[in-house]
Amino acid sequence: WVLEAGDAVQPWDRKGFRIPHGDLSSPATAQLFMGGNALITKNTKHNYPAPIAAQSAMFEGCMTSIDDGLNIESQYFGTLLAGPVARNMMRSLFLSKGKADKLARRPEGVARSRVKKLGILGAGMMGAGIAYVSAQAGIEVVLLDTSQASAEKGKAYSEGLLQKAIERGHSTAGQAAALLGLIKPTANYHDLAGCDLVIEAVFESVQIKADVTAKTEAVVPERCIFASNTSTLPITGLAQASERPEQFIGLHFFSPVDKMPLVEVILGKRTNDEALARSLDYVQQIRKTPIVVNDSRGFYTSRVFSTFTSEGIAMLAEGVRPALIENVAKMAGMPVGPLAVTDEVTLELAWKIGKETAAGLGRDYPADLAQQVVQKMVEQLDRRGKRYGRGFYDYPADARKRLWPGLAEHFPLADQQPAVAELKKRLLTIQALETARCFEEGVLTHAEDADIGSIFGWGFPAWTGGTLSWIDTIGIREFVAECDRMAASYGERFQVSDWLRARAADGQDFYG
């Protein structure tokens with residue numbers, strides 16, 4: 001460059017320099033930036049300040065000199081870096097997730113292990129997904145169901161995923177064949193012989209789970225770890241059917257398993273360190289992110305996520321417009337509205353879980369507004385969810401799903417609709433408050449697990465950093481005051497415990 005007499009003057013420092021694509025004050029360029037603003041709003045709902053700042057820095061910087069433009073950009077960057085969104089996201093998505101991926105909760109003194117042969121009980125959506133990600137990691141998988149046909153159907157799920165991967169150029173026919181060769185569909189329990197780990201993913205019934213536990217333990221090695229993929233039933237109770245309860249643990253995957261990065265590891269009262277360590281090793285082996293929680297009905301993720309759906313359904317009972325409920329949830333940063341996601345998991349399942357929970361706790365069903373709505377939808381209106389083609393939404397064969405017009409008849413609209421900001425606050429507050437209760441009860445032992453679980457488990461808005469980071473960002477005193485206001489307006493579900501109130505009085509944030 002020197003020998004060729006290179007020019008040290010940058011193009012933008014030359015007299016008369018113009019932006020390559022024209023004057024930013026021109027109508028065409030103004031329209032371009034207007035379109036950019038609309039896209040940013042659509043994709044971020046104004047919850048993420050960085051894209052707005054980036055576009056502002058480009059526009060303002062290009063309207064002035066290069067030196068002034070760089071100064072403008074630096075000011076925007078500094079403001080972002082000092083803001084709560086950057087802090088929360090860097091902590092939860094980078095630092096805390098990195099620690100979890102390195103197995104920060106793994107007990108010391110237990111030798112590292114790898115699963116060579118895995119048994120999966122139940123070849124439904126969850127079992128089939130677990131089989132796929134395990135075979136991806138090179139693990140031999142025995143996929144067991146009540147019939148050979150059902151087991152084969154579970155393996156076909158992997159075949160479908162691999163076909164899509166081949167079409168997109170992400171895999172080859174040879175690689176697909178090798179992966180499928182690791183999955184053995186069967187209806188014979190004796191094929192589980194030699195398994196290092198067995199994961200049960202059968203129907204959410206204590207009796208069915210007890211039956212498959214006994215049949216499995218009769219054929220697997222004594223050191224085999226037995227894990228349940230249950231999303232609601234307490235692990236300690238399920239472990240009563242096991243002859244080796246110290247080796248019984250919960251491994252709660254999320255659907256679809258091939259896309260969702262989180263695994264919630266649940267400790268029963270008698271689960272030992274070896275079972276925990278070997279389970280965490282397996283989660284790392286299949287390249288998932290683990291959080292470790294203690295036993296409880298619904299554990300952490302299912303328990304807190306249910307408050308989101310229940311709050312949305314309660315709003316419907318109060319007369320809030322259904323479209324407003326759904327759109328406000330997405331404006332807050334949730335991936336799907338509470339009515340839509342309830343349809344996805346089915347109202348029937350919510351109804352069954354509600355009844356089983358009520359029976360387990362010795363209380364009447366239904367116990368609240370949301371359960372009353374679910375009961376009416378299932379028992380009286382026979383609208384059981386997406387799988388049945390009718391729930392809160394209609395699912396026409398030739399068009400996109402749409403909210404069922406009959407909702408207005410059965411759940412009349414209130415004359416005055418609440419403000420968007422208030423509804424957003426309700427949906428986020430109820431989830432954060434239930435997380436705090438889990439922390440108080442010892443279901444959660446680390447704030448990092450709470451935040452990682454909320455973001456990667458059910459899609460709590462990443463801009464908050466997670467449920468407990470959101471409390472800390474608001475300020476714990478302000479959060480408790482807001483809960484008190486909502487308890488007076490909406491009911492006792494927003495009531496704060498003495499433990500949280502004392503923590504607020506001391507100004508004790510969850511991250512110190």
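1. In this predicted model, F308, G312, M315 and L316 of helix α11 are in contact with P322, I325 and A329 of helix α12. By class, the residues of this contact comprise six nonpolar and one polar, with no charged residue.

2. The geometry of this pair may be stated next. Two packed helices are described by the angle between their axes and the distance between those axes. Helix α11 covers residues 301–318 and helix α12 covers residues 322–332; their axes come within 9 Å and cross at roughly 150°. Because angles over 145 degrees count as roughly antiparallel, α11 is roughly antiparallel to α12. The crossing of α11 past α12 is right-handed.

3. Helix α11 also packs against helix α17. The axes of α11 and α17 come within 9 Å and cross at roughly 145°, and this crossing too is right-handed. On the α11 side, the contact is formed by R303, V304, T307, F308, E311, G312, M315 and E318. On the α17 side, the partners are L423, R426, L427, I430, Q431, E434, T435, R437, C438 and E441. The residues of the contact of α11 with α17 divide into seven nonpolar, four polar and seven charged.

4. The two contacts of α11 may be read side by side. F308, G312 and M315 are among the α11 residues that meet α12, and F308, G312 and M315 are likewise among those that meet α17. As to composition, the contact with α12 has no charged residues, whereas the contact with α17 has seven.

5. The largest nonpolar core has 87 residues. Those with the most contacts inside this core are L192, Y300, M377, F392, L500 and F510. Helix α17, residues 420–441, supplies the largest share of the core, namely eight residues. Another core, of 40 residues, lies apart from it and includes I130, V265, V283 and I286.

6. A further point concerns L381. This residue is placed in the loop between α15 (369–380) and β9 (393–394). Is L381 buried or exposed? Its relative accessibility is 15%; since buried means under 20%, L381 counts as buried.

7. The surroundings of L381 can be listed briefly. Leaving aside residues up to four places away in sequence, L381 touches K376, R390, W404 and H410. By contrast, N71 is 310 residues from L381 in sequence, and the two are 62 Å apart in space, taken from C-alpha to C-alpha.

Technical notes:
Residues numbered from 1 in each chain as written. Predicted model: local features only at pLDDT ≥ 70, side-chain atom pairs only at ≥ 80, totals over all residues. Heavy atoms only, no water. Axes fitted to C-alpha atoms, helices over the stretch in contact; angles between N-to-C directions. Helix = DSSP H or I, 4+ residues; strand = E, 2+ residues; numbered from the N terminus. Parallel < 35°, antiparallel > 145°, perpendicular 65-115°, else oblique. Left-handed = near helix turned anticlockwise from the far one by under 90°. Contact = heavy atoms within 4.5 Å. Nonpolar A, V, L, I, M, F, W, Y, C, P; charged D, E, K, R; others polar. Core = buried A, V, L, I, M, F, W, Y, C linked by side-chain atoms within 4.5 Å. Buried < 20%, exposed > 50% of the residue type's maximum accessible area, 1.4 Å probe, protein only.
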